[in-house]
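Biologist: Can you take me through this model? Keep it plain, and spell out the cut-offs as they come up.

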Amino acid sequence: MRELERRRKAAAEDPTVAIDWEAKKHLKSVISNVGFDRAPFYQPHKLVTSPPRPSDVTLELLLASQAHIGHSTSVWNPANARYIFGIRQGIHIISLDVIAAHLRRAAKVVSEVTRRGGTVLFVGTRAGQDRSVVRAAQLAQGCHIFDKWIPGSLTNRHQLLNKCPTKLVNEFDQEVPGYEDQLTKMPALMPDLVVTLTVRDHYILLRECGQNHIPTIGIVDTDADPTWVTYPIPANDDSLRCTNVIAGVLGRAGQEGHQRRAAAAREGLVTYTSTVNLTPIERSREEDRDALYKRYRRGGRAGRRRAQG
């Protein structure tokens, strides 16, 4: 400490220190404008923390995310011929215009489903897709799966998903209490739309969705079959940056749909109709009171008969 104080005191008394400081400031002001601006550079975490909106989809963004790179020509699916722009060094190149058009169409589907109060399920089980899948589900207020799809989750949902807790909400997403007993007797809920980031890895999931008439959206590479999904998005499913962009755009579309639904609810307009028939609380209480009274009378009569016997 004494040595440090001695050096500081000596530097304060030395006139060359102030001269060097002024020279450093002058040099910094001279060379500050030299070089180039590095503002528009790629930041991987931005695609998850602040994903792009459907209006931000451009050909430059898709090109930078390598969404146009397909698979080798030896493993292509002929059903994707309408999406392919050409061949370069034995690799199929997907048209960027087609990718943008199909991505915008899928975003409109997700936005309309959430506007009508539907639930969107995002599925991505490859390494590195967990963060983007969870973020997209949070924006769309839906569900997500990033580890493994359990076969039979839809076809055998009454046994696998029947114990999942459910709640009743109004048009403002506020929970309405009093219907817990009736909700436990209802069948398990199913998603209204399923979004998968890799079509080839989820054939069982897509087959179950087809059996239960659930529309699907999926990223279809040149080696996949576009007829497996309802709304295909031809793009590179092996690029993590590409899947992050598509998941973020679809999540933002779901968020916009919820915002439109909330704005309509504040104006007194409900954009969806409930398909679940629940008994009003007043009627259920009366029925419970009558059932309790009948049970009490049956118990009293049985007790009197046993006493007499």
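**Walking through the model**

Modeller: The chain has 11 helices and eight strands; helices (H or I, at least four residues) and strands (E, at least two) are DSSP runs, numbered from the N terminus. This is a predicted model, in which local features need pLDDT of at least 70, side-chain atom pairs count only at pLDDT 80 or more, and totals for chains, interfaces and linings use all residues. Residues are numbered from 1 along each chain as its sequence is written, and side-chain values use heavy atoms, with hydrogens and water left out.

Biologist: What share of the 309 residues is buried?

Modeller: Buried residues are 37% of the chain. Buried means under 20% relative accessible area, exposed over 50%, and partly exposed in between (1.4 Å probe, protein chains only).

Biologist: And what does the accessible surface of the chain come to?

Modeller: About 19,800 Å², with 53% of that belonging to carbon and sulfur atoms. The areas come from the Shrake-Rupley method with a 1.4 Å probe, and for residues only the protein chains shown count as cover.

Biologist: What about contacts: what percentage is between residues 24 or more positions apart?

Modeller: Among contacts in the chain with a separation of 6 or more, 64% are of that kind. Contact means heavy atoms within 4.5 Å.

Biologist: Sheets next. In what order do the five strands of the open sheet run?

Modeller: The order is β5-β4-β6-β7-β8, and the pairing is parallel. Two strands pair if DSSP finds at least two bridges between them. At the edges are β5 (143–145) and β8 (231–234), each pairing on one side only. From one strand to the next, the twist averages 20°. For angles, axes are lines fitted to C-alpha atoms, for helices over the stretch in contact, and the values run from 0 to 180 degrees between N-to-C directions.

Biologist: Which helix packs on that sheet?

Modeller: Helix α10 (residues 240–266), which touches β4, β6 (193–196), β7 (216–220) and β8. The direction of α10 makes about 160° with that of β7.

Biologist: Tell me about β4. How many bridges join β4 to β5?

Modeller: Three bridges join β4 (residues 120–123) to β5, and the two run parallel. Within that pairing, V123 has I145 as its bridge partner, and F122 stands opposite H144. With β6, β4 pairs over four bridges, also in the parallel sense, and there V123 stands opposite T196.

Biologist: Which residues cover the faces of β4?

Modeller: V120 and F122 are on one side, L121 and V123 on the other. All of these are buried, and both faces of β4 are covered.

Biologist: Where is H202?

Modeller: H202 is in the loop between β6 and α9 (203–211). At 4% relative accessibility, H202 counts as buried. Leaving out residues up to four places away in sequence, H202 touches V123, T125 and T196.

Biologist: Back to α10. Which residues of α5 and α10 meet?

Modeller: From α5 (residues 96–115), they include L103, A106, A107 and V110. From α10, they include I246, V249, L250 and A253. The two axes come within 7 Å and cross at roughly 35°. The crossing is right-handed; that term applies if the near helix is turned clockwise from the far one by less than a right angle, and left-handed if anticlockwise.

Biologist: And the sheet with three strands: what order?

Modeller: That open sheet runs β1-β3-β2, with antiparallel pairing. Its edge strands are β1 (69–72) and β2 (84–88), each pairing on one side only. Here the twist averages 30° from one strand to the next. Two bridges join β1 to β3 (residues 91–94), and I91 in β3 is the bridge partner of S72.

Biologist: Last one. Is T184 buried or exposed?

Modeller: T184 is exposed, because its relative accessible area is 60%. T184 is in helix α8 (residues 180–184). Between T184 and K167 the C-alpha to C-alpha distance is 9.6 Å, and the two are 17 residues apart in sequence.
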